Amino acid sequence: MEKKLSAELRTSDFGTRGSRRLLRSGRIPAVIYGKAAPLHITVSEREFMNNKKGYGESTLITLSVVGEKEHEVFVKTYQEDLLKNCVHHIDFYEITRGQAVRTHVRVELVGTPVGVKAGGVLDQVIHEVEIECLPKDLPDHFTVDVSALDMNESIRLDAIAAPEGVKIHADLEQTLATVKPVKVEEASAEASDAAAPAEVTTAKASAEEEK
């Protein structure tokens, strides 16, 4: 899936103070790297934040820079202030058509495991994997069906059906997800409740001895 984003060149006002001024004006400092020398730009905070959830390492973006050619990129990383819900800086990685890229793709689990229906809890151990492929083959995400997973069973990374041309760079024998019994907190609570009457009885006996 490819999206569009507009940008402007950043030719001055660098440094921490400059970045703060840009952020106050509604622009996010950013850089494009991956081909030639890094290109410093700014993007609209409103435009980026409105679509932030859709920008990831598996989402190609056509970045239109004013006065420049278009750049095909994806968001490599960004610095985010979770408390203020704002992004301070973005790193875009520019791709080359016909040249393989290495990036990360998220893994989504679908279906309700048999073990969960029996009272267990689904634990997803790995949420994304590193892949290598041509930009045209870049998947948005991987989907793995965990419906057949029973209590105390697990599923490995080799359950991911990677499309032709997509190579997963990871140990495929790693556990992707597992279904576990609910933690023994409830049993401990029940044991405490069962012990309470005995404690009361002991307390009463001690009181009677004092008398």
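The largest nonpolar core of this predicted model has 24 residues, and those with the most contacts inside it are Val129, Ile131, Phe142, Val144, Ile160 and Leu176. A nonpolar core is here a set of buried Ala, Val, Leu, Ile, Met, Phe, Trp, Tyr and Cys residues joined through side-chain atoms within 4.5 Å; buried means under 20% relative accessible area, exposed over 50%, and partly exposed in between, with a 1.4 Å probe and protein chains only. At least two residues of this core come from each of strands S7 (101–110), S9 (128–133), S10 (141–145) and S13 (175–180). The largest share, four residues, is supplied by S7. Helices (H or I, at least four residues) and strands (E, at least two) are DSSP runs, numbered from the N terminus. A second, separate core has 18 residues, among them Leu5, Ala7, Phe48 and Val73.

As for how the model was read, residues are numbered from 1 along each chain as its sequence is written, and side-chain values use heavy atoms, with hydrogens and water left out. Since the model is predicted, local features need pLDDT of at least 70 and side-chain atom pairs count only at pLDDT 80 or more, while totals for chains, interfaces and linings use all residues.

With residues up to four places away in sequence not counted, Ile131 touches Val101, Arg102, Thr103, Val105, Leu138, Pro139, Phe142, Val166, Lys167, Ile168 and His169, where contact means heavy atoms within 4.5 Å.

Strand S4 (residues 60–65) pairs with strand S5 in the antiparallel sense over four bridges; two strands pair if DSSP finds at least two bridges between them. Within this pairing, Leu63 has His71 of S5 as its bridge partner, and Ser64 stands opposite Glu70 in S5. The two strands form a hairpin with four residues between them, and Gly67 in the turn has a positive phi of about 80 degrees. S4 is largely enclosed by the rest of the structure, because five of its six residues are buried. In a regular strand the side chains alternate between the two faces of the sheet.

S5 also pairs with S6, again in the antiparallel sense, over eight bridges. Here Glu80 stands opposite Val87 in S6. Four residues lie between the strands of this second hairpin, where Asn85 takes a positive phi near 55 degrees. Asn85 is not a glycine, and its place is in the loop between S5 (70–81) and S6 (86–94). With a relative accessible area of 51%, Asn85 is exposed.

A positive phi is also found at Asn152, near 65 degrees, in a residue other than glycine. Asn152 lies in the loop between S10 and strand S11 (154–156), and is exposed, with a relative accessible area of 60%.

Turning to the cysteines, a search of the whole structure finds zero disulfides, a disulfide being a pair of cysteine sulfur atoms within 2.5 Å. Cys86 counts as buried at 13% relative accessibility, and Cys133 is buried too, with a relative accessible area of 3%.

His40 lies in strand S3 (residues 39–44) and counts as partly exposed at 36% relative accessibility. Its C-alpha atom is separated by 6.2 Å from that of Leu9, 31 residues apart along the chain. Leaving aside neighbours within four places in sequence, His40 is in contact with Leu9, Arg10, Phe14, Ala30 and Val31.

On a 1 Å grid over the protein atoms alone, a cavity is a set of points where a 1.4 Å probe fits but cannot get out, and a pocket is an open set with protein on both sides within 12 Å along at least five of seven lines; lining residues have an atom within 4 Å of a point. Grid points are joined across faces, edges and corners, and a volume is the space filled by probe spheres set on the points. The structure holds one cavity of 30 Å³ or more. The largest cavity has a volume of about 40 Å³ and is lined by Gly34, Lys35, Tyr93, Glu94, Ile95, Thr96, Gln99, Ala100 and Val101. The largest pocket has a volume of about 270 Å³. Of its 17 lining residues, the closest to its centre are Tyr55, Gly56, Glu57, Ser58 and Arg106. S5 gives the most to this lining, with four residues.
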